[in-house]
Amino acid sequence: MLGNEAIARGAYEAGVKVSAAYPGTPSTEISEYIALYDEIYAEWSPNEKVATEVAIGASISGVRAMASMKHVGVNVASDPLYTVSYSGVNGGLVLVAADDPGLYSSQNEQDTRCVARAAMVPVLEPSDSQEAKDFVKIAYELSEKYDTPVIVRTTTRLAHSQGTVTLEERKTPDDKAYERNPAKFVMMPANAIGRHLYVEQRMKALAEDGCELAINQAEYRDHKIGFITSGIPYQYVREACPDASILKLGMVHPLPKKLIEEFASKVDTLYIFEELEPVIEEQVRSWGIAAVGKELFTVQGEYSANMIREKVLNEAITKKEPAKVPARPPILCPGCPHRSVFSVLSRLGIHAAGDIGCYTLGAVPPLSVIDTTICMGASISTLHGMEKAKGKDYIKNWVAVIGDSTFLHTGVNSLMNMVYNQGTGTVMILDNSTTGMTGHQDHAATGKTLKGETVPAISIYHLCQSMGIAHVTEVDAFDTKELERIVKEETARDAVSVIIAKAPCVLLKGNVFPEKCRPADDKCKKCGMCLKPGCPALTKNTDGTIAIDDTMCNGCGLCEQLCKFGAIERVKA
């Protein structure tokens, strides 16, 4: 099983009844696999905060519940997370957080363990697919025993690697009775004071009991070298130093102090091998234990067995010359509607405050339109801030660009703020009818649920109108002439305006492309206008004329519209 698939299986075997999530690589597949189990209600929530609150509500009612997200989603969920740490649970409550060392698909490299320490929530970290399944089940046992939410932390390498998993039957505990208890579940100041004291006692008990937890294992071999490690880095230690002693931590917060002290006393040199922040290292050193850590190992990116061979064993690592292959920079797919939109903005010399999604690729050549990308929903707020700092005229050649899923995630509040505080910016919602960047998940405006049910779709058009925005326009993303006219008109206004550029993602299942674009060499003037948007289906022949790869072309017609000489035509596929 994939690590993510094993986590889903763990939820099934643990008797989970409610799962909520927002898609985010590398966590997305957890919910997609959970949705295959009829016994579990599973949903895509509009964002991670809502997903966490749904899971909290299910837990309070007395059933086991899960919320899943990537590491930056934990930021969005942190408001309810910090408070549910105080209130505790009724049915078991687990939050799966997938970190991304190496920044394979994220805007930062933060470490969820740091959030967990601040929120006073215990963290389990599996090191392979079998543990991914088993640790989820253990997390529910700990959650209910210690009256706490539990975070199961994974990383990209664990989420997307495979391992053998032994399956077991589903065991569904009886629903816990709900009893009204405002002192526990109503977190106003007077109640929170008492619950904070409880949390401190709970974390102390977990640290002490962690010394006896089976998932915290001391593996004694050669006592000259000892490693404290967890998760995927454990696999690297075993590969590079098979004879070394290892303290493998399955619970990485709170740390089992007595167990660590005992292990450290039995090895000559102690190394702490943990990806990202020195979370374990700083605590161990604060106890007066000598250890080697980040002065040897980096705080950036993924670790490897070779890192240990080079840094600890002093082996010379022969670095192979990378294969000489043509450069392949990230680029929008052939026929992507975002390319059409960005080609218009580029032609008009307009800057864009960007957001999180495939359309972030509009920042790179040859489109070079996106100037900022911060976090989900930030495009609209960023543009609003620019106006309030520099005035209305400053943003006449700016727009905010955001996708349909991201708009529903956190863009709605940002647009509401722009209206409420009398902004005048133009917001472009690139509606491709999916959550494209994470693999085509549905959302509230697609009319499909995670379970595949057909439901009423939220109308983004009417949602924007309901905020009192007078100028909301829908346009075909590939109608470049009309799009150009609308952009000119809306950016000139002294009012908030919204342009919804609609065209489905070309990779959506069921899409049929009846036409292809073909060059007519006898008409080609070799001007290169059709090449400017950077469609990978188009290349230049040695004589300067254009070639179009039939296997890549989706017949969107953008190149045809750009050619003023009729040298490109659309024909039946």
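We begin with rings: there are seven aromatic pairs here, where a pair means Phe, Tyr or Trp rings (the six-membered ring for Trp) with centres within 6.5 Å, called stacked if the planes are under 30 degrees apart, edge-to-face if over 60 and tilted for the rest. Keep in mind that this is a predicted model, with local features needing pLDDT of at least 70 and side-chain atom pairs pLDDT 80 or more, while totals for chains, interfaces and linings use all residues. Residues count from 1 along each chain as its sequence is written, and side-chain values use heavy atoms, leaving out hydrogens and water.

Select Tyr12 and Tyr37. They are stacked, 4.3 Å centre to centre with 15 degrees between the planes. Tyr12 sits in helix α1 (residues 3–13) and Tyr37 in the loop between α2 (28–34) and β2 (41–44), so the pair ties together parts 25 residues apart in sequence. Helices here are DSSP runs of H or I with at least four residues, strands are E runs of at least two, and both are numbered from the N terminus. Are these two tyrosines buried or exposed? Both Tyr12 and Tyr37 are buried (under 20% relative accessible area; exposed is over 50%, partly exposed in between, with a 1.4 Å probe and protein chains only).

Next, pick Phe297 and Tyr303. Their ring centres are 6.1 Å apart and the planes meet at 45 degrees, so this pair is tilted. Phe297 is buried at 1% relative accessible area, and Tyr303 is buried too, at 3%.
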